[in-house]
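Let's take a look at charge and aromatic contacts in this one. The sequence and the structure come up just below.

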Amino acid sequence: MASSLQTQHETQSGVYTFSSRPRAVPNRPKYRQAAPPLNEEQSSYGNIMYDRRVVRGNTYAQPILPITSQPDPVEFLRQQEARKRALSRKRLKEQFGSKTPEPLEGRMNIDVQTEMYLEELSDHIEDVSVECQTDMFLDKPATPLFIPAKTGRDAATQIEEGELFDFDVEVQPVLQVLVGKTIEQALLEVLEEEELANLRAQQQVFKEIRDAELVEVQRLEERERRLRVEKENRIKQQKAVLEKEKETADKIAARAFAQQYLSDLLPSVYSNLKDCGYFYDPVQRDIETGFLPWLMEEVTSTLEQRYVARTVLDMLIQDVTNQRLEAFEMKE
């Protein structure tokens with residue numbers, strides 16, 4: 001301030017004036033800068049009425065902004081926890097608390113006192129809302145194309161007809177070159193077309209030869225396949241014949257061995273079975289099992305009857321003898 005201000009002096013009219021040392025205008029951009037990308041915690045405001053840093057209304061018990069721009073992490077975490085608890089309480093209150101039903105059409109709900117005695121609600125803080133609007137920033141116009149400044153001096157020269165060249169004479173070499181190049185190009189195109197035609201003919205011949213070779217190769221492959229299949233079938237048939245011959249030979253050998261082994265085995269087996277009673281004469285077996293037991297029973301019963309009759313007869317004879325002997329003794 002001391003370097004910029006000069007000593008004040010009083011003019012002849014008695015009015016104080018001052019003069020300052022001339023200084024350059026600060027390098028201030030004419031247009032506004034592009035807005036930098038904002039983080040989640042930052043926010044952009046277009047109207048200062050919505051800026052939290054602007055105090056509106058009553059200034060009593062307003063929160064004091066910290067000196068540093070960075071918030072305290074502990075305080076920030078505490079605020080987050082308090083906000084979460086408030087949201088949870090609000091959610092529980094909305095879920096479990098009694099809600100006032102929606103008003104009917106054309107009506108609206110108002111707050112009323114439900115206490116026993118009415119009280120005047122005078123605890124109302126006076127507040128005043130003031131609005132203001134900032135000047136609109138102009139957008140930066142499009143940058144114009146760069147046109148370099150003209151350097152040097154312009155000069156002109158007048159040339160009369162026929163001073164520089166004769167068109168009819170000077171155009172002949174050009175025409176000769178153009179016509180020659182055109183004819184040369186045409187000849188080259190004709191030669192190229194003929195060469196392409198020859199290439200197509202050679203390709204067609206090569207294609208025909210290749211197709212014929214492919215047909216021949218397919219025929220030979222088919223012939224080889226048929227021969228291979230026939231060979232495999234013949235080998236299978238020969239193997240089947242050999243297996244049948246081997247099986248037949250094994251059966252013949254087994255049959256011969258069985259006949260030779262059973263030639264001596266069958267008589268001995270039959271004799272043993274016959275001795276054990278497995279082979280018998282049905283008449284003889286019937287006589288032995290049916291007739292002879294009946295006959296023995298009948299003979300036994302007859303002999304028993306005779307033995308009983310003899311025993312009875314002996315007893316009678318003995319009784320008679322005893323009686324006579326007693327009678328004879330009594331007579332004597």
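What follows covers a charged surface patch and then the aromatic pairs.

## A cluster of glutamates

Keep in mind that this is a predicted model. On its surface, Glu189, Glu192, Glu193, Glu194 and Glu195 come together as a patch of negative charge. One of them, Glu195, has its place in helix α2, which spans residues 167-276.

## The stacked pair

Two aromatic pairs turn up in the structure. Phe257 and Tyr261 make a stacked one, with 6.3 Å from centre to centre and 15° between the planes. The pair counts as stacked because its planes are under 30 degrees apart.

Why do Phe257 and Tyr261 sit about one helical turn apart? Because they are four residues apart in helix α2.

## The tilted pair

Phe291 and Trp294 also form an aromatic pair, this time tilted: the centres are 6.1 Å apart and the planes make an angle of 40°. That angle falls between the 30 and 60 degree cut-offs, so the pair goes down as tilted.

Here the setting is helix α3, residues 282-331. Phe291 and Trp294 are three residues apart in that helix, so about one helical turn separates them.

How values were computed
Residues are numbered from 1 along each chain as its sequence is written. This is a predicted model: local features need pLDDT of at least 70, side-chain atom pairs count only at pLDDT 80 or more; totals for chains, interfaces and linings use all residues. Side-chain values use heavy atoms; hydrogens and water are left out. Patches are made of residues with over 30% relative accessible area and no salt bridge: like charges are joined within 9 Å, nonpolar side chains (Val, Leu, Ile, Met, Phe, Trp, Tyr) within 5 Å. Accessible areas come from the Shrake-Rupley method with a 1.4 Å probe; for residues, only the protein chains shown count as cover. A salt bridge is a side-chain nitrogen of Lys or Arg within 4 Å of a carboxyl oxygen of Asp or Glu. Lys and Arg count as positive and Asp and Glu as negative; His and the chain ends are not counted. The place of a charge is taken as NZ of Lys, CZ of Arg, CG of Asp or CD of Glu. Helices (H or I, at least four residues) and strands (E, at least two) are DSSP runs, numbered from the N terminus. Rings of Phe, Tyr and Trp (its six-membered ring) pair if their centres lie within 6.5 Å; planes under 30 degrees apart count as stacked, over 60 as edge-to-face and the rest as tilted.
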